[in-house]
Amino acid sequence: MLQQSIKSYIQQDLQTQYLLHLADNALILSHRNSQWCGHGPILEQDIALTNIALDQLGQARNLYQYAALLITEKTGIATTEDQLAYLRDVGEFKNCLLAELPNGDWGQTVLRNFLMGSYQFFLYQELQQSAIGQLKAIAEKSIKEITYHVRWSADWVLRLGDGTAESKGRMVQALELLWAYTGEMLEPCDYELPFIATQSSFIKAAWEAKIASVFSEASLVHPTNEWMQSGGKKGIHTEHLGYLLAEMQFLQRAYPGLEW
Amino acid sequence: MRLYLQKNHYGDYGDGHAGGLEQDAHQDPQKQWPLWEVFMRSKQGLDHKHAGSLHAVDATMALENARDVYTRRKEGVSIWVVESKHIHASDPNAAAEFFEPANDKIYRHPSFYDLPDSLKHM
């Protein structure tokens with residue numbers, strides 16, 4: 001567990017919360033994608049998705065390192081990226097629910113990556129203009145990776161959506177399952193507002209336009225249901241995140257401070 | 001005892017055959033993705049060199065797969081892919097008449113000429 005004084009610092013500092021939110025999105029999505037390692041439908045795609053998971057892990061690390069630095073400076077307690085990733089409990093994670101849902105089949109996995117990657121693309125594009133130097137630098141580094149993730153996942157959405165009867169059926173099913181989890185990404189919460197308040201409506205519009213154009217090319221019917229799940233950003237998660245963390249955090253919990 | 005031997009040429013067999021006995025349904029050769037050859041030019045390189053091969057359903061995916069499989073360690077700045085079936089190979093059995101006549105014609109090497117200084121990359 002994180003020390004109580006670090007926890008209370010995080011609870012009252014919006015910038016740290018925002019950094020953790022961005023980092024948690026990247027880490028949890030990365031972990032889900034990494035679960036495909038060795039199980040991909042074909043060697044080349046197994047490597048492709050593992051590469052993407054590693055990119056996302058790298059983004060998460062940059063953000064955790066920066067958050068850890070700020071916490072160390074402000075509280076005087078030495079804090080590391082590992083502590084932030086491995087010693088926080090479910091309720092302290094601030095990732096969107098979409099990131100933690102199970103992988104499902106290949107179609108569901110690529111669709112999740114497309115929905116979330118497209119959002120990250122427009123978000124990081126805006127963060128490249130951030131007033132916070134370090135965040136700006138992380139966004140500049142990440143955007144090239146994310147551009148490729150979107151290209152790769154959009155390609156798959158097109159192939160499967162516009163493919164055989166079975167692949168299309170699976171994409172329709174995946175979309176039905178994931179759609180209600182997309183709204184949360186686009187509605188900024190209190191700790192996001194100071195950093196992307198003015199840009200959030202632009203990000204939402206750009207995301208919607210991107211999704212609509214790929215769906216129409218893939219001949220997927222755009223969902224019309226407007227009710228959206230939310231809670232992840234505030235630490236209220238689905239049952240799936242607990243299981244994910246139990247596996248991901250096991251080593252650091254069992255052997256605190258262990259290094260390779 | 002009868003032995004069944006089959007000669008395989010590079011590229012004309014799929015993964016399903018590689019392990020000998022293991023042939024499961026999803027590795028039906030009819031459903032195999034086509035094989036592609038990958039050529040890459042490194043940052044300092046002047047020409048594209050053969051890097052290996054991979055499976056993909058079309059050229060777009062072949063390029064992306066090549067990027068993911070062969071450029072992970074900054075090996076290249078340009079990629080060509082070509083479907084393996086479009087490559088025609090010289091017949092190994094014809095190697096004698098194809099290549100050996102060149103062996104004793106050393107005068108074909110440019111070492112007998114003075115090269116101008118301005119000529120690079122020879």
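Buried area is the accessible area, taken with a 1.4 Å probe, that two parts lose on being put together, summed over both. The legends below concern a predicted model, in which local features need pLDDT of at least 70 and side-chain atom pairs count only at pLDDT 80 or more, while totals for chains, interfaces and linings use all residues. Residues are numbered from 1 along each chain as its sequence is written, chains are lettered from A and ligands numbered from 1 in the order in which they are written, and side-chain values use heavy atoms, with hydrogens and water left out.

**View 1. The interface of chain A and chain B.**
Between chain A and chain B an area of about 1,300 Å² is buried, and carbon and sulfur atoms give 49% of that area. A:E44, A:Y148 and A:R159 supply 43% of what chain A buries against chain B, more than any other three residues. In terms of contact (heavy atoms within 4.5 Å), 13 residues of chain A touch 13 residues of chain B. Eight residue pairs, both members at pLDDT 80 or more, are in polar contact across this interface; such a contact is a pair of N or O atoms within 3.5 Å, where within protein one must be able to donate a hydrogen and the other to accept it, and residues adjacent in sequence count only if both atoms are side-chain atoms. Helix 3 (43-75) and helix 7 (133-161) of chain A each supply at least two residues of the side that touches chain B, helices (H or I, at least four residues) and strands (E, at least two) being DSSP runs numbered from the N terminus. By class, this side of chain A has seven nonpolar, two polar and four charged residues, where Ala, Val, Leu, Ile, Met, Phe, Trp, Tyr, Cys and Pro count as nonpolar, Asp, Glu, Lys and Arg as charged, and the others, Gly among them, as polar.

**View 2. The salt bridge of A:R159 and B:D58.**
Two salt bridges are counted between chain A and chain B, the term standing for a side-chain nitrogen of Lys or Arg within 4 Å of a carboxyl oxygen of Asp or Glu. One of them is formed by B:D58 with A:R159, whose closest N and O atoms are 2.9 Å apart. The pair joins two chains, because B:D58 lies in the loop between strand 2 (49-55) and helix 2 (59-70) of chain B and A:R159 in helix 7 of chain A. On the scale used here, buried means under 20% relative accessible area, exposed over 50% and partly exposed in between, with a 1.4 Å probe and protein chains only. Both partners are partly exposed, B:D58 at 26% relative accessibility and A:R159 at 22%.

**View 3. The aromatic pair of A:W156 and B:W33.**
Rings of Phe, Tyr and Trp (its six-membered ring) pair if their centres lie within 6.5 Å, and planes under 30 degrees apart count as stacked, over 60 as edge-to-face and the rest as tilted. Over all chains, the structure holds nine aromatic pairs. In one of these, the ring centres of A:W156 and B:W33 are 6.4 Å apart with their planes at 35 degrees, so the pair is tilted. The pair crosses between chains, from A:W156 in helix 7 of chain A to B:W33 in the loop between helix 1 (15-18) and strand 1 (35-41) of chain B. A:W156 is buried, with a relative accessible area of 7%, whereas B:W33 is partly exposed at 23%. These two residues also belong to one aromatic cluster with A:W36, A:W106 and A:W152.

**View 4. Salt bridges within each chain.**
Over all chains, the structure holds 17 salt bridges. A:E166 forms one with A:R170, the closest N and O atoms being 3.0 Å apart. These two residues are separated by about one helical turn, because they are four residues apart in helix 8 (residues 165-179) of chain A. A:E166 counts as exposed at 53% relative accessibility, and A:R170 as partly exposed at 38%. In chain B, B:D104 forms a salt bridge with B:K105, with 3.2 Å between the closest N and O atoms; B:D104 is exposed at 60% relative accessibility, and B:K105 is partly exposed at 22%. Salt bridges that share partners join A:D105, A:E166 and A:R170 into one network.
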